[in-house]
Every structure is written in structure tokens, then in C-alpha cells.
Amino acid sequence: MSDLTWNDCERNLIDMKAQLEDNLGSETSVENSPAPMLCYSSSCSDTSVPSSNEEGEGVVEEKEGEEVVEEKEGEEVVEEKERFSESPPLLLPSGTIVDDSLRGHDPESMIPILVIGNRALMFNLDHIKHLRIHHGIVGLLSGSLPLAPQQNTLLGLPLALSIDEVLYLLYNGVCYLVDGAKAATAFLDDLVCDEDKLDEMATIFSDDVDNQRAERQREYEERLCKLGLGDKIVQRNDRNKTVFVQTRDNDGLFGALHVHLRMYRDNVGVQKLLLSKLLRMATNEDLDTIYQNFRVFNYLKMNYHHCILPGVRFGGKFVSYPGDPLRYHSHLIVDTRDYYNEDIGMLDISNRGRLATGVKKLWLVCGQRRRGTVPFSDSNEKINELADPEQSSGYRLVSNLFDYQGKGQALKDTETVCFSIEWSGFG
Amino acid sequence: MSTKNSRESLNKFTKPLPIEIIQLPPVYPGNPISWLIATCSFIGQLIVKQSRKITVLYNQDEFCFKVTDKEDMDYLWKSGFYGKGSLSRSEPTWQTRAQKRILGVEKTETTSEEIVRYRRQLRNDYKQKRNKMLALERQYKLQGDSEKLKQLEVVRQKLSEQRDMISHSRPPERKDIEPQELRPEDRELIIDSKHIKNIEYMELTACEVLFLLYMGAIKVDSPDTGKQFTTIQLLRYLVNMFGAVEADNMFLIQFAVYFHYKSLGWCVKSGLKFSSDFVLYQRGPPFHHAAFAVTILKNSSINALKNWTHFGSIFRVVSAVKKTMVLCYIDTPTSNQLVDLWKTLDDNDNEGLINLVNMYSIREIIYKRWTPNRTRL
């Protein structure tokens with residue numbers, strides 16, 4: 001980026017600052033906003049940027065947050081979205097008020113997880129980094145571009161969290177849930193109602209596009225000069241041509257939502273409801289199994305600080321790494337079947353023992369010495385869930401977890417007992 | 001296994017079943033003496049055949065069928081590869097090995113355990129050499145020494161040849177075997193300078209016992225009456241051991257599958273080692289490795305189908321030992337049908353077993369892992 005654009009951006013930012021102060025009142029901590037140049041230059045990561053060709057025949061890239069809206073809300077929102085998508089660069093400064101990609105995530109503040117449909121997703125790179133480095137939560141990158149379906153092995157944002165990871169993060173008070181679709185539309189509604197603001201945004205955006213064009217024209221002239229064709233320079237300022245405007249590659253957009261987010265964070269009832277909804281939608285497993293899996297997950301994380309990934313490849317529920325999965329091979333294949341109460345079977349023992357030893361791991365079977373007092377699965381669950389969500393078994397499980405939260409119960413999990421099984425060839 | 005040895009095996013293992021067949025000398029209608037000779041031969045062979053029946057001891061507490069006589073064990077092994085030596089990998093060879101180890105007796109035969117140990121040792125040597133080579137290669141690459149890298153290429157060639165040879169190699173025959181140091185418990189085993197007590201027995205699986213009894217090759221005493229089991233009596237006894245008389249009885253299903261493959265001429269052994277129900281040998285353990293591992297799945301029971309993780313992990317183990325995984329779907333009759341037939345079974349009519357097995361139908365599916373990424377051309 002040239003100074004020209006940066007300066008322009010700075011101007012935008014100051015405008016935005018004033019607007020936000022008007023809109024959000026004293027709650028917004030504008031002082032936290034970083035130097036605008038830096039914020040603007042931290043552009044897209046290469047995973048989700050469609051390459052624009054040399055002539056600037058690119059497309060205006062949509063922001064991730066908007067894609068989400070489109071996904072959830074269908075036709076109604078499309079119109080709003082189209083108007084909205086005209087102005088992504090404008091929103092960057094507001095996004096950076098809460099999260100600054102250079103400063104990283106503030107460890108004191110809780111991290112929002114967006115619940116969209118039956119998934120828990122994260123769009124913010126800083127949050128993902130923070131969780132990976134400080135909490136050993138790896139998740140699964142799941143974003144792919146619709147136009148490049150062969151990219152199935154190298155995926156980008158958003159990061160999908162498994163139900164066990166979500167439970168762990170909530171249980172330990174690291175994160176909180178946000179209803180992704182609703183939060184985004186609420187934000188859009190605020191924005192769209194304000195006609196003046198939209199007009200202003202549109203002007204700022206068109207200025208930005210003009211700057212882009214000027215920049216490209218300058219590059220073009222420089223290139224020609226280098227080639228010694230300075231006399232052939234023509235003014236190529238074609239207003240009809242689209243330009244490619246780079247945007248930030250995370251949910252910095254949602255930073256402007258922080259009033260909404262705070263509402264979600266502080267309301268435990270909403271949290272419980274969201275989680276019980278997620279529990280119902282995310283997996284086919286019954287609640288007892290989910291609870292059992294979570295106990296084992298929590299046990300391994302609390303006692304051994306392992307990184308835990310899904311273990312289908314190795315015939316277990318999880319595979320457990322002693323550190324970051326990029327640095328270590330996994331040591332354990334974790335089977336969450338409760339050997340105290342379930343029959344594992346001779347064939348399975350020889351199978352998993354052999355499999356684990358063959359890949360230089362240990363097969364871990366975990367059991368609960370005393371089974372949880374309340375069986376969570378309920379035959380009438382469906383009916384309850386629809387009529388009265390707070391009475392459903394999922395909600396009971398969630399309440400149970402929230403009641404224990406932060407009381408150090410997890411650290412003293414003496415009921416989980418694990419054995420490892422190894423295959424030894426006799427003779 | 002080399003050609004020479006497989007030819008040896010060919011002569012050694014000629015019979016698929018431990019049954020003697022009465023062979024009559026030629027009978028000429030016009031020559032009464034030939035009739036006489038034939039009759040004598042028939043009666044003689046009949047007596048031999050009867051006395052040849054192998055006694056299987058049944059231990060009720062351990063639920064274990066044992067053959068203790070060394071000759072019987074060898075006979076069962078050589079004619080159809082039944083049973084497993086309790087102190088050996090499969091063929092009961094403990095006595096031979098113990099004689100070599102304790103007394104230093106010269107034996108021409110090489111047991112499979114010795115071959116396995118020898119090959120494992122070779123593989124370890126190979127791995128050490130390869131690691132050394134790789135270390136050298138890394139070093140030369142860092143130094144940029146292309147001359148020495150070329151030399152290493154020759155070494156690599158040799159090593160890979162050596163590796164390919166391992167699976168065919170046999171331990172060298174040593175003429176002068178020094179008896180190894182004796183353990184205190186060894187002294188109790190010695191009879192004289194050439195012989196040793198045989199403490200190994202051969203264990204037969206329940207399926208094998210029922211099959212062999214049906215074939216008339218063995219005799220088993222009932223623990224309750226003390227008399228010999230008839231086939232149907234043994235069937236009743238075993239089915240009761242495995243649970244109630246119903247179509248889903250695990251023993252009935254296992255036996256139906258065992259009998260199915262046995263009647264198609266496969267050598268069927270237990271597949272517990274490979275986390276399957278059975279493994280199938282084309283001819284027998286000395287000739288080839290087992291090519292197929294059979295997992296039984298019941299159509300009638302919902303619980304039998306666990307999940308894909310389960311099948312995936314069985315496949316990983318089975319494919320690691322280069323076998324093909326066969327899912328054997330078995331259709332059971334309704335419980336009423338089975339109980340009706342069960343009531344009509346006659347103690348002395350062996351064909352009842354066949355009628356029973358015929359009620360089950362079997363379909364096989366081969367399970368393979370398909371990786372779209374790798375198999376695309």
C-alpha cells in the first residue's frame with residue numbers, strides 16, 4: 001500500500017471514530033484503536049483471497065461475516081447484504097477497536113464462539129491463535145472457496161470447534177457463545193436504519209475505490225517508464241472496471257458488535273440455551289456419551305495438558321498429543337468407552353492394542369469409577385426440547401456443567417481412571 | 001518358503017482330513033481267494049481305523065478340548081492343520097525345540113518358531129544397517145559429497161536386495177548344537193539323554209471338535225454321563241454353553257461360518273490375533289500366509305453393526321498384515337423355525353447338524369479402503 005492510501009485510510013478512521021462515538025456513546029474505548037496504517041496493511045491472509053489479475057479486473061471481496069449472514073438468513077437479508085458489501089474497508093477501523101491483529105488477543109477478555117446452525121465457528125485469527133497457544137485447542141479449519149473445490153485438503157477460516165472443545169472452553173470460562181446469525185443481523189439492522197450513515201459510508205467507500213484506481217494508474221505508469229515507454233502513457237481511469245479491495249481476513253467486523261457480544265457474554269441463561277441447542281444439533285450422540293467424552297477430554301487436558309484431536313483414523317474417539325500437533329506425534333489413542341460399565345470385548349482389545357502398537361502409540365481406555373448421578377438421556381427428550389427448552393435433558397446437562405464451573409472440580413477428577421493397552425508379540 | 005521346502009511340505013501334508021480310507025485290493029468275481037483277501041483286508045483296516053480314532057479330552061472347568069498324545073497331535077496337524085499347540089505358535093513343536101535346547105539332540109526339521117526368530121533377527125540387522133546408511137547419506141548430503149553419495153547408492157541397492165531375501169530365508173542347519181544352560185525346572189523334564197517329557201498339549205476349538213466329531217475322526221467323552229458324545233449331543237452341549245437355544249446363538253453362527261468355509265475347502269483357523277473371527281488359509285499354514293480375515297456380522301441383530309470407526313480399525317490391523325478383510329453377513333432363521341428343528345434332532349442322526357446349518361445363509365462382502373485422492377489417475 002502506498003502512503004496515499006494510508007493517509008486516506010487515516011482520514012476514514014477519524015470519520016469513523018467520530019461516528020462511533022456518537023453512536024455508541026462512552027462505552028467505546030476508541031483509545032485502543034491502533035495506528036490506522038498498520039491496521040490497514042495487515043491485509044488478507046493468502047488462504048481466502050481470490051487472486052485478481054493484473055488489469056485490476058478483480059471482484060470486491062466479501063467479508064466472512066457477511067457470508068455467514070447470507071448462509072443463515074436467506075433471501076430477506078440479501079438486499080441488505082448487497083448494499084452493505086459495498087463498504088467493507090469502512091468497517092475495518094471499527095473492527096479494530098476490540099481486536100487488533102498485531103497486538104493479539106487480550107488474554108483477560110473472553111473469546112466469543114459463534115454458533116451458526118449446528119456448528120461452533122471462529123472467524124478471528126487472533127482468537128484462534130490464542131486458543132491454540134494458551135489452551136491447546138486446535139479445532140478444525142473448515143473454510144473452502146466454492147470456486148476451488150479441490151482445496152479440500154488445505155482449508156482456511158472459519159475454524160470449527162468440536163462439541164468437546166466447546167464444552168471444555170465454556171466449562172473453564174475461556175469462551176462464551178454467541179448466536180452468530182442473530183448477532184450479525186442485529187448489527188446490520190442498526191446500521192441499515194441509519195440513512196445518513198450509509199450515505200457517508202458509500203462516499204467513503206467510493207473515495208477508497210478512487211484511491212485504488214489512482215494507485216493502479218501510478219503503478220502502471222511506473223512500469224511503462226521502466227520499460228522506456230513513458231510517451232505511451234494513457235489515462236486508464238475507467239469507472240466501469242471493478243477493483244479489488246483488500247480486506248482483513250477475520251471477524252474484526254464483529255468487533256463493532258461488542259455491545260451485542262457483551263450482552264451474550266453476561267447472560268448465563270442465554271449461554272445455557274445456546275449450548276443445549278448446540279448439544280442437540282451438533283452430534284447424533286446421546287447426552288450420556290457426550291458427557292462421558294467430555295469428562296475424558298477434560299481429564300486429559302487438566303492433568304496432562306495434552307492437545308486432543310479427533311481420532312477416527314486410529315480407531316478411537318480422540319488422539320492425544322503431548323504438545324502442539326505440529327511439533328509432536330500423538331502418544332495416545334483415547335477410547336472413551338467406560339470399561340467400568342461397558343463390555344469392551346476381546347476382539348476389540350486385540351484389535352486396538354495391535355493397531356496402537358503398530359503406529360507406536362498406546363491405546364487408552366478410560367472409565368468412571370462412579371457413574372454420574374443423573375442419567376442425562378431421556379426418552380421423551382424431543383417433546384420436552386420443543387415445548388420447554390429449559391426442562392430438556394440437554395439443558396440439565398449444561399446446567400450441571402455450569403454449576404461446577406470454576407469450582408476446581410475438574411482438577412480433582414479422581415473418578416476417571418485410565419489404562420493403556422499395548423500389543424506384545426509372544427514368541 | 002522356497003520351492004524345495006514347499007515340495008517337502010507337499011509330501012508331508014497330503015490329507016485334508018484326519019480320516020483313514022479303507023482301500024480294498026482288487027476283487028475278481030471268478031476268484032474266491034481274492035474275495036477272501038478283500039474281506040480280511042477290510043476287517044483289518046476297519047479295526048485299525050477304529051483304534052485310530054483320536055481321543056479328545058474335555059476339561060469342563062477350562063472349557064477346553066485337549067489332545068495330549070504326541071502322535072495324535074502330529075496326525076491332526078498333518079491332516080488338515082487342526083488345533084494349536086499350547087506352547088507353540090501353531091504347530092505343536094515344543095518337544096522338538098526343547099530337545100534341541102536342553103539335550104542338544106540333532107533334529108533335521110526346523111520349527112516355524114526358529115524360522116520366525118531367525119527372520120526377525122535378520123530384519124533387525126537390516127534395519128540397523130539401513131539406519132546407518134541413512135545417517136551417512138544425510139552427512140554426505142550436508143557436505144555435498146556427490147562421489148560418496150554414488151557409492152551409497154550401491155549400498156542401498158544391496159540392502160534392498162537383502163531385505164527382499166529375508167522372507168525366504170531359513171536358519172542354517174547347524175550340525176553341532178550345544179545344549180544351552182539349563183534352567184532349574186528343565187531337569188524335571190529329562191527322561192534320558194535322548195528323550196524329554198512332553199508337557200505340551202494341543203487345543204481344539206469348539207467348532208473344530210464338532211466338525212471332527214461329525215467327520216468321525218475323534219471321540220469325546222461327555223463330562224455328565226461319561227459316555228462318548230454323539231455329534232448331536234455335543235452340538236446340544238456346546239450350544240447350551242454359549243447361551244439359550246435361539247437363532248442368534250453365537251456358537252451356531254460361528255459353526256455355520258466355519259462349516260461353510262470348511263466345506264468349500266479352506267483351511268479355517270481362529271483369527272483372534274488379527275481381531276477377526278476366522279482367518280482362511282488356501283492350503284495351510286506351512287504353505288502360504290492366510291489371505292483372508294473373516295469378520296462375522298449378524299443381519300438379525302442391530303448391535304452387531306457398530307460404527308465405521310470399528311470397521312476402520314479392524315481393516316487397519318488386517319491390511320497391515322496384508323490380508324483381505326471379508327465381512328461375512330449371516331442371515332439367521334427365525335427363532336421359531338430353529339426351535340422347531342431343534343426339537344426334531346435325533347441323537348443318533350448326524351444329518352440333523354447339516355439340516356441345522358442349512359438354515360443359515362451366508363453372503364460375503366470384501367471391505368477395502370478407497371482413497372479418492374490417491375487412486376485418481
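**View 1. Pairing of strands 1 and 2 of chain B in the predicted model.** Strand 1 (residues 54-59) of chain B runs antiparallel to strand 2 of chain B, and three bridges connect the pair. The two strands make up a hairpin in which four residues lie between them, and within that turn Phe63(B) adopts a positive phi of about 50°. Asn59(B) is placed opposite Cys64(B), the latter belonging to strand 2 of chain B.

**View 2. The two faces of strand 2 of chain B.**

**View 3. Pairing of strands 2 and 4 of chain B.** Strand 2 of chain B also pairs with strand 4 (residues 202-204) of chain B, again in the antiparallel sense and over three bridges.

**View 4. Leu210(B) in the largest nonpolar core.** This core contains 117 residues, among which Ile113(A) and Leu210(B) touch the most other members. When residues up to four places away in sequence are left out, Leu210(B) touches Leu234(B), Leu235(B), Leu238(B) and Phe255(B).

**View 5. Residues 119-162 of chain B, annotated as a coiled-coil region.** The annotation comes from an unreviewed UniProt entry, which lists this span under "coiled-coil region". In the model, the span is 95% helix and 0% strand, and its end C-alpha atoms lie 12 Å apart.

Conventions:
Residues numbered from 1 in each chain as written. Chains lettered and ligands numbered in written order. Predicted model: local features only at pLDDT ≥ 70, side-chain atom pairs only at ≥ 80, totals over all residues. Core = buried A, V, L, I, M, F, W, Y, C linked by C-beta atoms within 7 Å. Buried ≥ 20, exposed ≤ 12 C-beta atoms within 10 Å, placed from the backbone. Contact = placed C-beta atoms within 7 Å. UniProt positions renumbered as here; feature names shortened; annotations may be inferred. Pairing = 2+ DSSP bridges.
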